[in-house]
Amino acid sequence: MQGYYSKILRTEHSLGISVSISISISVSGVGGERVAKPSFGRGNGRRRRVTRRAGISMEVGGLDSEGRKFNNAGEMWTEQVGDPNKKTDWYRQGVGYWEGVKASVDGVLGGYGHVDKADIVGSEVFLNTLLSERFTNAAAGSSNQHHLVALDCGSGIGRVTKNLLIRFFNEVDLLEPVSHFLETARESLAPEKLMASDMHKATNFFCVPLQEFTPDAGRYDVIWVQWCIGHLTDDDFVSFFKRAKVGLKPGGIFVLKENIARSGFVLDNVDRSITRSDSYFKDLFRQCGLHLYKSKDQKGFPEELFAVKMYALTTDLPKRVHNTRSKGHRNRPGIIK
Ligand SMILES: C[S@@+](CC[C@H](N)C(=O)[O-])C[C@H]1O[C@@H](n2cnc3c(N)ncnc32)[C@H](O)[C@@H]1O
């Protein structure tokens, strides 16, 4: 059996203020199969003003999952992926981590399979709003629907496609670099296993990482990117979204759903990913030439987890930026303008 536990790590912030970060540690069980992922813990910190410097998206300090401090993201990236060999290792170890994880909901959710329902409900509300605003007659229940196509990036076993996207989209393509995850997705999304009608199907299964993927031009209404972008370096994050823009139909949107660090970033030494803060993401969106159409906080997750946010991003300037952040949530990071 596999083991899994969380612990609170107390550390000192660079400003001399004591903060805590919650990290969840994965441990190998008998047979060496790992099921837990460490990046679901909540990172705390204190906000600082952000300045931009060419090639470095954030000047705010960060931590790794053992509490080691970095002065800024540039310092961390130089250490982690500063030469081509290190970058190759970064991606190989990231995928390698997931290759050791069981192809199950609990596996892809780092031992937190029970948050699946709240996650899907939160996403569904967000998606329904987007579809009704951006694609007339496309919201669930409408009888006069367009032929909608989505891409599920870093799809894992197809959890998001199966529980959400396939109900809204006529076609869903899945992209996932770990082959045993993608095969599980293919099996569970086989037409005979789907309750949905013939009008809804999983079409393409791309076994490739995001940093190597370019979508077909104009295929997608929505490109959904959930809990995988932390595996990409800042440079690859920006070049992926720039390339992926061509994959959107006119009026199409990206949805990014991710863990949010309270400040700066938290580097996960085990699965080679980083959790970025809201302001870090916004800085990267600017570099991608993307506009924030709407954002929303995920609700109903256990307290020990990172905050989770959904961002809807457009290539065109939205008429009005909506922010549906909930009020009154403790420990929420402030947006740094
Ligand atoms: C936490 S799981 C989330 C899976 C799925 N999005 C979900 O919400 O159920 C992270 C996923 O990211 C995938 N991943 C890791 N590195 C990746 C990369 N470079 N490009 C795309 N996906 C990657 C993993 O294989 C894994 O399936």
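I looked up Leu63 and found that its bridge partner in E10 is Val266. Helices (H or I, at least four residues) and strands (E, at least two) are DSSP runs, numbered from the N terminus. I count two strands as paired if DSSP finds at least two bridges between them.

This is a predicted model: local features need pLDDT of at least 70, side-chain atom pairs count only at pLDDT 80 or more, and totals for chains, interfaces and linings use all residues. Residues are numbered from 1 along each chain as its sequence is written.

Strand E3 (residues 62-64) and E10 run parallel, joined by three bridges. E10 and E11 run antiparallel, with four bridges; there I found Phe265 opposite Arg276 in E11. The hairpin of E10 and E11 has four residues between the strands, and Arg272 takes a positive phi near 55° in it.

Next I checked burial (buried: 20 or more other C-beta atoms within 10 Å of a residue's own; exposed: 12 or fewer; partly exposed in between; C-beta atoms placed from the backbone). In E10 (residues 265-268), Phe265 and Leu267 are buried on one side, Val266 and Asp268 on the other.

Then I turned to H2, where Gly94, Tyr97 and Trp98 are buried. They cover an arc of only 100° around the axis, so they lie on the same side of H2; the arc is taken from the directions from the helix axis to the C-beta atoms. Pro84, Asn85, Thr88 and Arg92 are exposed on the other side of H2.

Last, I noted that H2 gives the most to the shell around the ligand, four residues.
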